[in-house]
Amino acid sequence: MLKFMVKEIVRDLDQDGDKQLSLPEFISLPVGTVENQRGQDMDDSWVRDRRKEFEELIDADHDGIVTMAELEDYMDPMNEYNALNEAKQMIAIADENQNQHLEPEEVLKYSEFFTGSKLMDYARNVHEEF
């Protein structure tokens, strides 16, 4: 499934047909125009976030090109970065008493949140993100 999703993402973003993604291809905005300054600011922020993701997380060899293998490694649910990020976000949301630990009551209260996480529904989440 992961290989299929990577091929779909590359197919959708690859503008020159080389089956790799350059930074401009990766950060290309969806078709549409920005209608106001707030929209422009959101677009600028989105581009900055995508650039950082490309340069710091996905382009493993830092050659300015993301290969299918690099994208697959990044998207792999076993990727340490993804798992740590997910865990931190989940704890921050469920840790109501802000003690940096989850109490049994907090886990029970947020059980649906935990079972609906990216790690639990990986294929749907990746499809929606890309």
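**Entry 1: the annotation**

I began with the record: the unreviewed UniProt entry carries the annotation "domain: EF-hand" over residues 1–36 and 46–81. I kept in mind that this is a predicted model. For residues 46–81 I looked up the make-up of the chain and found 64% helix and 6% strand.

**Entry 2: the core**

Next I turned to the largest nonpolar core, which has 17 residues. Which of them touch the most other members? I noted V6, L21, F26, I58, V66, L71 and M75. Helix 1 (2–13), helix 2 (23–27), helix 3 (37–58) and helix 4 (68–75) are the elements that each give two or more residues to this core. Helix 1 supplies the largest share, six residues. In soluble globular proteins, nonpolar side chains tend to be buried together.

Setting aside neighbours within four places in sequence, I found L21 in contact with V10, L13, D14, F26, F54, G64, I65, V66 and L71.

**Entry 3: salt bridges**

How many salt bridges are there? I wrote down four. In one of them, the side chains of E72 and K3 meet at 3.4 Å, N to O. This pair links distant parts of the chain, with E72 in helix 4 and K3 in helix 1, 69 residues apart. I checked accessibility too: E72 counts as partly exposed at 22%, while K3 counts as exposed at 55%.

My next stop was E96 and K109, whose closest N and O atoms are 2.7 Å apart in a salt bridge. E96 lies in the loop between helix 5 and helix 6 and K109 lies in helix 6, so the pair ties together parts that are 13 residues apart in sequence. E96 is partly exposed, at 43% relative accessible area, and K109 is exposed, at 55%.

I also found D12 and R11 joined by a salt bridge of 2.9 Å, N to O. Both D12 and R11 are exposed. With E8, these residues R11 and D12 are linked in a salt-bridge network.

**Entry 4: positive phi**

Last, I looked at backbone angles. H62 is not a glycine, yet its phi is positive, near 55°. I located H62 in the loop between helix 3 and strand 2 (65–66), and it is exposed, with a relative accessible area of 57%.

Q100 is not a glycine either, and its phi is positive at about 65°. I found Q100 in the loop between helix 5 (80–94) and helix 6 (104–109). Is Q100 buried or exposed? My note says exposed, with a relative accessible area of 60%.

Definitions and conventions
Residues numbered from 1 in each chain as written. Predicted model: local features only at pLDDT ≥ 70, side-chain atom pairs only at ≥ 80, totals over all residues. Heavy atoms only, no water. UniProt positions renumbered as here; feature names shortened; annotations may be inferred. Helix = DSSP H or I, 4+ residues; strand = E, 2+ residues; numbered from the N terminus. Core = buried A, V, L, I, M, F, W, Y, C linked by side-chain atoms within 4.5 Å. Buried < 20%, exposed > 50% of the residue type's maximum accessible area, 1.4 Å probe, protein only. Contact = heavy atoms within 4.5 Å.
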